[in-house]
Amino acid sequence: MTDAITAAEFTAEQGTGDWRVLRNSALARFTTGSFTRGVRLVSRIGALAEAANHHPDVDLRYGTVTVRTWSHDVDGLSARDVALAREISMAARELDVAADPAGVSDVVLCIDATSGPQVQAFWQALLGYDAQAEYSGNDAAGRLTDPDGRLPAIWFQQSDERREQRNRIHVDVWVPFDQAEQRVAAALAAGGRLVTDEFAPSWWVLADVEGNEACVCTWQGEF
């Protein structure tokens with residue numbers, strides 16, 4: 001038995017309105033307005049996490065606190081994340097700290113590779129990242145993650161042949177599902193072009209004026 005849930009199920013739960021699902025986790029960003037208030041919120045989060053024996057990643061900045069929760073044993077979201085998210089949101093409200101759901105995002109570096117294991121080994125040695133289990137989404141052949149969870153993950157996408165006339169490294173920008181079209185519009189207004197929206201609302205492929213590609217991604221249609 002497992003308490004794993006989908007992104008859609010997490011989003012549909014009551015009390016998760018402050019949170020947005022990005023990749024395999026849920027994030028919330030709280031605008032504290034001061035470092036002192038941020039420390040208070042982090043302290044409350046720490047107590048809640050210990051009581052639940054479920055520990056999120058917490059990023060404390062001068063005016064914000066960003067929290068990421070997911071369940072390592074299912075490599076995704078579970079009912080435990082719903083419960084913790086509700087408690088953290090309640091603690092923020094008690095401290096008069098507002099949530100900023102539109103302010104969360106995540107970045108993944110994607111590399112197309114015909115020799116995935118060899119390419120992955122190079123980047124792992126170079127960056128000191130950890131290798132993760134093979135990932136089936138988006139035809140990824142493998143992935144590397146920063147041990148501290150601070151730097152962008154790297155996905156290796158299997159290619160049958162080298163595409164010399166096209167960049168084989170691109171950026172995936174994960175945004176909240178309700179911010180994706182706005183982010184795409186902003187990139188287009190800034191001089192970008194739409195390569196394809198065939199896979200929307202899961203992802204849009206964009207390019208800058210020189211053809212460098214990036215994807216705007218959401219969980220919709222993905223899980």
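The model is predicted, so local features were taken only at pLDDT of at least 70 and side-chain atom pairs only at pLDDT 80 or more, while totals for chains, interfaces and linings use all residues. Residues are numbered from 1 along each chain as its sequence is written, and side-chain values use heavy atoms, with hydrogens and water left out.

The pocket comes up first. On a 1 Å grid over the protein atoms alone, a pocket is an open set of points where a 1.4 Å probe fits, with protein on both sides within 12 Å along at least five of seven lines; lining residues have an atom within 4 Å of a point. Its volume is the space filled by probe spheres set on the points, which are joined across faces, edges and corners. The largest pocket comes out at about 1000 Å³. Its lining runs to 33 residues, with R23, D57, R68, G149 and R150 lying nearest the centre. Strands here are DSSP runs of E, at least two residues long, numbered from the N terminus. At least two lining residues come from each of β3 (25–31), β4 (57–60), β5, β8, β9 (130–132) and β10. The biggest share is that of β5, with 4 residues.

Strand β8 (residues 106–113) also holds D106. D106 counts as buried because its relative accessibility is 9%; buried means under 20% relative accessible area, exposed over 50%, and partly exposed in between, using a 1.4 Å probe and protein chains only. The D106 side chain makes a polar contact with the side chain of R23 at 2.8 Å. For that label, a pair of N or O atoms must lie within 3.5 Å, one able to donate a hydrogen and the other to accept it, and residues adjacent in sequence count only if both atoms are side-chain atoms. Leaving aside residues up to four places away in sequence, D106 touches L22, R23, R68, D172, V173 and W174, where contact means heavy atoms within 4.5 Å.

Next come the charged pairs. Side chains of opposite charge can pair when their charged atoms come close. With a salt bridge defined as a side-chain nitrogen of Lys or Arg within 4 Å of a carboxyl oxygen of Asp or Glu, the count is 10. One of them links R61 to D59 (3.0 Å, N to O), and D59 is partly exposed at 31%. Another joins D75 and R143 (2.5 Å, N to O). D75 sits in the loop between β5 (64–69) and β6 (77–78) and R143 in strand β10 (residues 140–145), so this pair ties together parts 68 residues apart in sequence. D75 is partly exposed at 38%, whereas R143 is buried at 9%. Salt bridges that share partners also join D3, D73 and R80 into one network. Within it, D73 and R80 meet at 3.1 Å, N to O; D73 is exposed at 59% and R80 partly exposed at 31%.

Aromatic pairs number 5, counting rings of Phe, Tyr and Trp (its six-membered ring) with centres within 6.5 Å; planes under 30 degrees apart are stacked, over 60 edge-to-face and the rest tilted. W155 and W174 pair edge-to-face, 6.3 Å centre to centre with 70° between the planes. W155 lies in strand β11 (residues 153–158) and W174 in strand β12 (residues 169–174), so the pair ties together parts 19 residues apart in sequence. W155 is buried at 2%, and W174 is buried at 2%. F199 and W203 are stacked, because their ring centres are 4.4 Å apart and their planes at 15°; F199 is partly exposed at 35%.
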